Amino acid sequence: MPQKIIFATQHYLYLKDRILSIAGSAWENGELDIRDFPDGEHYHRILSNVSNKEVILLGGTIDDKETLELYDLASGCIQLGAYSLTIIIPFFGYSTMERAVKYGEIVKAKTRAVLFSSLPNTSRGNRIVMIDLHVDGITWYFENDVRPVHLYAKEFVMNTAMELAAGKPFVLASTDAGRAKWVESLANDLHVPAAFAFKRRLSGDETAITAISADVKNKTVIIYDDMIRTGGSLIHAAQSYRDAGAGDIFVITTHGIFAGNGFEKIKSSGLIKKVVCTDTHPGAMAIKDPMLLVKSVDQLIFNYFQSQHS
């Protein structure tokens with residue numbers, strides 16, 4: 001069986017190190033030389049030998065620079081003779097732009113998928129591994145012989161909900177009806193009630209919550225959403241649950257992006273007792289606050305590779 005070697009883009013070195021701590025000597029640490037030039041161009045060199053090895057490349061599409069760095073490194077590994085290539089994208093950027101609503105809108109979730117589909121195949125083919133996509137259908141945007149894999153962090157959500165509840169009854173809630181089916185499925189598995197908020201759009205960037213689907217009075221409410229960006233929708237939902245009589249409110253999210261001082265806004269709202277997310281996005285890693293707990297997806301990723309050879 002070929003040797004596994006793992007590389008990461010600059011923003012995801014922390015997750016590579018965590019995966020390597022689990023894999024131990026079974027996986028080789030891939031080394032890179034990366035430099036930025038004053039004119040805005042970037043230098044990349046693959047220092048490790050990847051010829052006839054199973055290459056694992058870790059990086060998100062969190063911004064355009066990161067996306068191109070991931071693509072360039074993938075191209076380099078293929079050109080240098082990688083036996084196989086698995087690209088792990090813990091957070092797939094532009095996942096909310098998965099369809100056009102207005103004429104002329106560019107479906108960037110698809111253009112990013114098409115970009116990575118343009119990579120030449122290794123002898124064993126190319127795989128793209130993603131975690132808790134905003135929309136399942138994004139996997140269908142990949143073309144050619146790319147094999148997309150969608151990993152679900154369901155165990156993380158369920159275990160975290162039980163830890164936060166600490167043995168007390170709770171309601172698992174969503175920020176809106178759009179995530180209701182996913183939250184309802186989790187709630188059924190946890191044998192707890194599910195709740196979601198009905199929203200009405202007032203303008204292009206303003207919504208109002210009109211009703212709550214379940215009784216939350218004097219109950220612990222744990223809100224789950226796949227991602228938190230600015231926190232605006234979360235705060236509105238938390239306020240509606242509080243107005244409906246909820247007790248403690250906790251939040252679980254897979255992707256903690258926290259753009260535009262999002263976490264500070266959540267904290268200053270005074271509505272939420274604790275937020276738990278994973279380390280799929282480096283935005284969460286920059287926050288040092290006891291109100292935020294960050295759990296790693298390192299074991300989820302490692303287990304996936306173990307399952308491929310079991």
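Which residues does T61 touch, not counting residues up to four places away in sequence? They are T67, I89, F91, F92, G93 and F116. The model is predicted.

- T61 sits in the loop between strand 5 and helix 2.
- T61 is buried: its relative accessible area is 2%, and the cut-off for buried is under 20%.
- One of the residues touched by T61 is T67, which also takes part in the contact of helix 2 with helix 3.
- F116, also touched by T61, belongs to the helix 3 side of that helix contact.
- I89 is another residue that T61 touches, and I89 is one of the buried residues of strand 6.

**Strands 5 and 6**

- Strand 5 covers residues 54-58 and runs parallel to strand 6, with five bridges joining the two.
- Within this pairing, I56 stands opposite T86 of strand 6.
- Strand 6 spans residues 84-89 and is mostly covered, with six of its six residues buried.
- In a regular strand, side chains alternate between the two faces of the sheet.
- In strand 6, S84, T86 and I88 point one way.
- L85, I87 and I89 point the other way from strand 6.
- Both sets are buried.

**Helix 2 against helix 3**

- Two packed helices are described by the angle between their axes and the distance between the axes.
- Helix 2 (residues 64-79) packs with helix 3 (residues 108-117) at an angle of about 20°, and the axes are 10 Å apart.
- Helix 2 is therefore roughly parallel to helix 3, as angles under 35 degrees count as roughly parallel.
- The crossing of helix 2 past helix 3 is right-handed.
- Helix 2 contributes D64, T67, L70 and Y71 to the contact, and helix 3 contributes R112, L115 and F116.
- By class, this contact of helix 2 with helix 3 holds four nonpolar, one polar and two charged residues.

**Helix 1 against helix 9**

- Helix 1 (residues 13-23) and helix 9 (residues 298-308) pack with axes 9 Å apart, at an angle of about 55°.
- The two helices are therefore oblique to each other.
- Helix 1 passes helix 9 in a crossing that is right-handed.
- On the helix 1 side, the contact is made by L15, R18, I19, I22 and A23.
- On the helix 9 side, D298, Q299, I301 and F302 make the contact.
- The contact of helix 1 with helix 9 divides into six nonpolar, one polar and two charged residues.

- Six strands form an open sheet in the order 10-9-13-14-15-16, and the pairing is parallel.
- Its edges are strand 10 (194-195) and strand 16 (292-295), each pairing on one side only.
- Strand 15 (residues 274-278) pairs with strand 16 over four bridges, in the parallel sense.
- T278 has K295 of strand 16 as its bridge partner.
- Helix 6 (residues 232-243) packs on this sheet and touches strand 9 (170-173), strand 10, strand 13 (220-228) and strand 14 (249-256).
- The direction of helix 6 makes about 165° with that of strand 13.

- A166 is not a glycine, yet its phi is positive, near 50°.
- A166 lies in the loop between helix 4 (154-165) and strand 9.
- The relative accessible area of A166 is 58%, so A166 is exposed.
- F258 is likewise not a glycine and has a positive phi of about 55°.
- F258 is in the loop between strand 14 and helix 7 (262-269).
- F258 is buried, with a relative accessible area of 8%.

**I212 in strand 12**

- I212 belongs to strand 12 (residues 206-212).
- I212 is partly exposed, with a relative accessible area of 22%.
- Leaving aside neighbours within four places in sequence, I212 is in contact with F196, A197, S240, Y241 and A244.
- Between I212 and A8 lie 204 residues of sequence separation and 43 Å in space, C-alpha to C-alpha.

Technical notes. Residues numbered from 1 in each chain as written. Predicted model: local features only at pLDDT ≥ 70, side-chain atom pairs only at ≥ 80, totals over all residues. Heavy atoms only, no water. Axes fitted to C-alpha atoms, helices over the stretch in contact; angles between N-to-C directions. Parallel < 35°, antiparallel > 145°, perpendicular 65-115°, else oblique. Left-handed = near helix turned anticlockwise from the far one by under 90°. Contact = heavy atoms within 4.5 Å. Nonpolar A, V, L, I, M, F, W, Y, C, P; charged D, E, K, R; others polar. Buried < 20%, exposed > 50% of the residue type's maximum accessible area, 1.4 Å probe, protein only. Pairing = 2+ DSSP bridges.
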